[in-house]
Each structure stands twice: as structure tokens, then as C-alpha cells.
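Dear colleague,

Please find below the structure that I am handing over to you, together with its sequence. I would ask you to look at it first and then to read the notes that follow.

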Amino acid sequence: MSDSTASSSSSPIWLYSYIKLRFFNRIRRFLRSKNSNRKRNTTSSDPHHFDTSSLRPTKVMVKESSNDHEDDGLGLQRAVKKLHFGSWEEKELAAEEIGTLAKDDVKVRKLVGGLGVIPVLVSMAASEVVDRRRVAVFALVQLANGTYTNKALMVEAGIFSKLPKDINILDEPTRHRFAELLMLLSSLANTPFPLPSSEIVPFLVGSLESDSINVETKQSCLGSLHNLSAMLDNAGDLVSNGVVDTLLKLSSDKELSEKALATLGNLVVTLMGKKAVENSHLVPESLIEILTWDEKYKCQELSSYILMILAHQSSDQREKMAKSGIVPVLLEVALLGSSLAQKRALKLLQWFKDERQAKMGPHSGPQTARFAFGSPVNPQAAQQGKKMMKNLVKQSLHKNMEMITRRASASGDSSKIKALIISTSSKSLPY
């Protein structure tokens, strides 16, 4: 009995000794690599030109730089030791020093990540002490930047379970750093490493819906959602947490619209995501409004992409879009939008035209009616549909003629566009 007690009491001492020995070996290898790299750089000058006057300053510079690296190494050594064995005040100072040293040196990040500091920092990130939590999250952000291993270690240490349920208890700098950390960690969604999206999404949605969060923090949260939405398996968690409505609201903000629309574009290709977008009261009006943003070409392209997916093989959605006045807006985009937005606008116009004419092929877009092979189509009905489409296009073009000409870049171009609009019919549109 006494032998087992003695062995159990000596095991922590052995473990601490092993950790210290491993740490000192890593620090020594790190300093040696720094010094060898510095000496290699200073001795790689031209051998045919040797300036003796520069010999002494070079030695001084090498000596000073090596001393700086030794000081950084000693500081890192002290910081790691205090983080493991120091008091709470010493742990806070050590976390801030580790974050500062890791900020500009990827070798420090990789070195520190293997010394067992990440679980300690993760536990500090869940502290109710404001300063302790802030410096811990700062250090985690620096350690996660550009290192896959450190990100995986943070997820294994349970960083997502440490996220606060109420974001209002966090001060603004800590909220921003948490958002940065989640954006870095969410990049693991594109890797085989399992990522519990159900634990991340509530914090992101709460941050995006809060009025007290600044734009930079919301952009980081949108970046995290975009990374998660890139994996179709995460669509269920995103949709069930109300991400679609949040993204549609943010898409009306020109500072946040591009990332919000890009995330919606990833979700709308899934069955759950498409149904959630279709059932939103903001659709299609908010997406049609974005098509009128002439200075936001990327937003126009993303909005037209989402509208194409909604309109494809859905007569109800096309009817809602037509009632919301999408045809005049599409005509304007087809004339003045970017090349990609023009192609998508013309494709949508083609579908509206084809629906009028009731001549849709099996792969050309919306499918609302099918005819048996060899069955004749009523020529009188087809002619009436063609006339109605022609009149609709003419009326829309005349109605928007003044608006389009005002937005043309030059008076000469304006006159050409005006002449084109007056003489254009439905047959001449480049469908």
C-alpha cells in the first residue's frame, strides 16, 4: 500500500521533470537554428570582394542579433514555465508574452504548440475574469494563424465548448478576437478533421444579430459561416439555427452583402437551404433590390445566381419574381451589368420568355409543361404568347429608358442605348 502511494506521488514529479527537459531541448534547438541561419546569411557574400572596413561592424551586428534571439528564447522559456506553474497573474502575463512572440514568427508558433500551452490557454479563455480571458484568446489567435496542428489541438482541447452562451457579457475587443479565432478554426471545415458546427453556429448568429457588434467583427463571423457552408454536411446545422434569415437581412447592408450572399449561394444548392430561402418573406424583393446596385458588381452576380437557382423549374418562384418587378431590373442588368451578371440576367429573361411561349426543352431551364413526341402545338396560342412577350419587353424597355440613359457613362453612349431601346423587339434580344 505504501509502495503504491509513493509511486503515485512521484509520478507528477517525473511528469514535470519530463516536460521541463523536453522544453529546454526544444528551446536549445530553436536558438541553434536561429543562430545558424543568421551566420549562413552573413557569410554568403561575394568572395571576390572583401571589405575589411566592414568586418568589425558585421561581427557586432551578428553578435547583437544573436543576443536578441537569445533574449527572445529566454523570454519564451520563462513565459512557458510561468504559464504552466505560475500564479494567475503570472499566467496572464505569460499568455500575453507568448501571443506577442508568436505573432511575427511561425517557428515560435509551432514550437510553443508542442509544449502543452494550448490546453492551458483554452481553459483560461473560459474564465470569467475579463483580462485573463482577453489575453488567452489573443494568444490563441496568434498560435492558430497558419498552423494546422495548433488549430487541431485547440479543437481537441474543447475551445468551442468554452464559447460564452451570452455574447453581451464580452467586451468588444474580446468579442472581436473570438470572432477572429473562430474564422481561423472554421477553415478546418475543408479538411478531414471533424468540426462540431452545432457548437459554433449559435455564437456566430448571436454576434451577427447583435446591434452592438461592429462591422469588422461581423465580417469575421460571416467568414466563419462561409467556411462552414462550403461543406454540404453542415447545411442542416446552419439552416436549423436560423442562418438563412440572418444572411438575407445582412445582404441588404452593402458592407456585409458580398460575404452574406456568397454564404447563401453555398446553402441554396442544398434542399434544406433552398426551401428556407424560398419561405423567407424577404425573397425575392431583397435579392431584386441588390440587382440595382450598379457599383456592386460582385453582389449583382451573386444575387442573380441565387435567383437563377430559385427560378429553375419553379413556376411559383418565377411568378413571385414577375409580380415583384424583376423583368425591368433584369433588362437593365443585361445592358449595364458585368459580363457574368449580364449572362445570368439574359438566362433569366430567356426563362420568362420561354414560359410565355410554353416551349421548354428537357435541360434548358424551367420545366412546367411536357408534350408527347410528335404532338402539335397550337400555332394560334404560340403566336399570342409571342405577341404578349414582345409587348411586355417593349413596355419594360420604354418604361426604363430614361433610367438607363441617365446611368450611361457618356452622352454618346446614352444616345446609342436610347436608339437601341426604341428599335429593339423580343426577337432581337440576344437570348
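Is S257 buried or exposed? Please bear in mind, before the reply, that this is a predicted model. S257 has a relative accessible area of 0%, and because buried means under 20%, this residue counts as buried. S257 belongs to helix α13, which covers residues 257-267. Setting aside residues up to four places away in sequence, S257 touches L250, S251, I290, W293 and C299.

The chain as a whole may now be described. It contains 22 helices and zero strands. Of its 431 residues, 44% are buried. The accessible surface of the chain amounts to about 23000 Å², and carbon and sulfur atoms account for 54% of that surface. Among the contacts in the chain with a separation of 6 or more, 70% are between residues 24 or more positions apart.

When neighbours within four places in sequence are left aside, its contacts are L261, S303, I306, L307 and L310. L287 also illustrates how sequence and space may be read together: L287 and S304 are separated by 17 residues in sequence, and their C-alpha atoms are 7.8 Å apart in space.

Next, I draw your attention to helix α3, which is made up of 16 residues, 88-103. From its first C-alpha to its last it reaches 23 Å, close to the 22 Å expected at 1.5 Å a residue. Which residues of α3 are buried? They are K91, E92, A94, A95, I98, G99 and A102. These residues lie on the same side of α3, because the arc they cover around the axis is only 165°. E89 and L93, on the other side of α3, are exposed.

Finally, there is the largest nonpolar core, which has 100 residues. Which of them touch the most other members? They are L83, L121, L140, M154, I159 and F160. To follow one of these in detail, F160 touches V155, L182, L185, L195, P196, E199 and I200, with residues up to four places away in sequence not counted.

With kind regards

Key:
Residues are numbered from 1 along each chain as its sequence is written. This is a predicted model: local features need pLDDT of at least 70, side-chain atom pairs count only at pLDDT 80 or more; totals for chains, interfaces and linings use all residues. Side-chain values use heavy atoms; hydrogens and water are left out. Helices (H or I, at least four residues) and strands (E, at least two) are DSSP runs, numbered from the N terminus. The expected span of a helix is 1.5 Å times one less than its number of residues. Buried means under 20% relative accessible area, exposed over 50%, partly exposed in between (1.4 Å probe, protein chains only). The arc is that of the directions from the helix axis to the C-beta atoms. A nonpolar core is a set of buried Ala, Val, Leu, Ile, Met, Phe, Trp, Tyr and Cys residues joined through side-chain atoms within 4.5 Å. Contact means heavy atoms within 4.5 Å. Accessible areas come from the Shrake-Rupley method with a 1.4 Å probe; for residues, only the protein chains shown count as cover.
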